[in-house]
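Subject: Structure handover

Hello,

Here is the structure we talked about.

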Amino acid sequence: MEQVNDIQAARQLSDLLNRVSSQGVSFELTRGGRRIARLVPAPSPKDLKVSELNDLFARLPRLGDETEAFERDIADAQSALMLDRDPWLG
């Protein structure tokens, strides 16, 4: 792992980030000769296969009996907000 001091890192941050993202290079950042941080590639997200979708959907929380009541509440709120005249025309 390549070491870069804090001043170099500040001056070359864009280049360091490009190398991390494109080449997978990691850096140890130092200050006064002491390691203070690491700049490493972020782990890539897990690829989801189409065959895994059913399992994913099965693990999602189910909507209970309250869904119909929620739909009614939304409809009631929308109808209460309906205006019979154009508010811009006064």
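Apart from neighbours within four places in sequence, Thr30 is in contact with Gln3, Val4, Asn5, Asp6, Arg35 and Ile36. Please keep in mind that this is a predicted model. Thr30 sits in strand E2, which covers residues 27–31. Its relative accessibility is 8%, under the 20% limit, so Thr30 counts as buried.

Next is Ala37, in strand E3 (residues 34–39). With neighbours within four places in sequence left out, Ala37 is in contact with Phe27, Glu28 and Leu29. Ala37 counts as partly exposed because its relative accessibility is 33%.

Now the core. Which residues make up the largest nonpolar core? There are 7 residues in all: Val4, Ala9, Leu16, Val20, Phe27, Leu29 and Leu39. Helix H2 (13–23) and strand E2 are the elements that give two or more residues to this core. One of the core residues, Ala9, touches Val4, Leu16 and Leu29 when residues up to four places away in sequence are not counted. As background, nonpolar side chains in soluble globular proteins tend to be buried together.

Last, the charged pairs. How many salt bridges does a search of the whole structure find? The search finds 4 salt bridges. Among them is the pair Arg19 and Glu2, with the closest N and O atoms 3.2 Å apart. Arg19 belongs to helix H2 and Glu2 to strand E1 (residues 2–5), so this pair ties together parts that are 17 residues apart in sequence. Both partners are partly exposed: Arg19 has a relative accessible area of 24% and Glu2 has 38%.

Glu28 takes part in two of the bridges described here. With Arg35, the N to O distance is 3.4 Å. With Arg38, the closest N and O atoms are 3.3 Å apart. Arg38 lies in strand E3 and Glu28 in strand E2, so that pair ties together parts that are 10 residues apart in sequence. Through shared partners, the salt bridges join Glu28, Arg35 and Arg38 into one network.

Regards

Key
Residues are numbered from 1 along each chain as its sequence is written. This is a predicted model: local features need pLDDT of at least 70, side-chain atom pairs count only at pLDDT 80 or more; totals for chains, interfaces and linings use all residues. Side-chain values use heavy atoms; hydrogens and water are left out. Helices (H or I, at least four residues) and strands (E, at least two) are DSSP runs, numbered from the N terminus. Buried means under 20% relative accessible area, exposed over 50%, partly exposed in between (1.4 Å probe, protein chains only). Contact means heavy atoms within 4.5 Å. A nonpolar core is a set of buried Ala, Val, Leu, Ile, Met, Phe, Trp, Tyr and Cys residues joined through side-chain atoms within 4.5 Å. A salt bridge is a side-chain nitrogen of Lys or Arg within 4 Å of a carboxyl oxygen of Asp or Glu.
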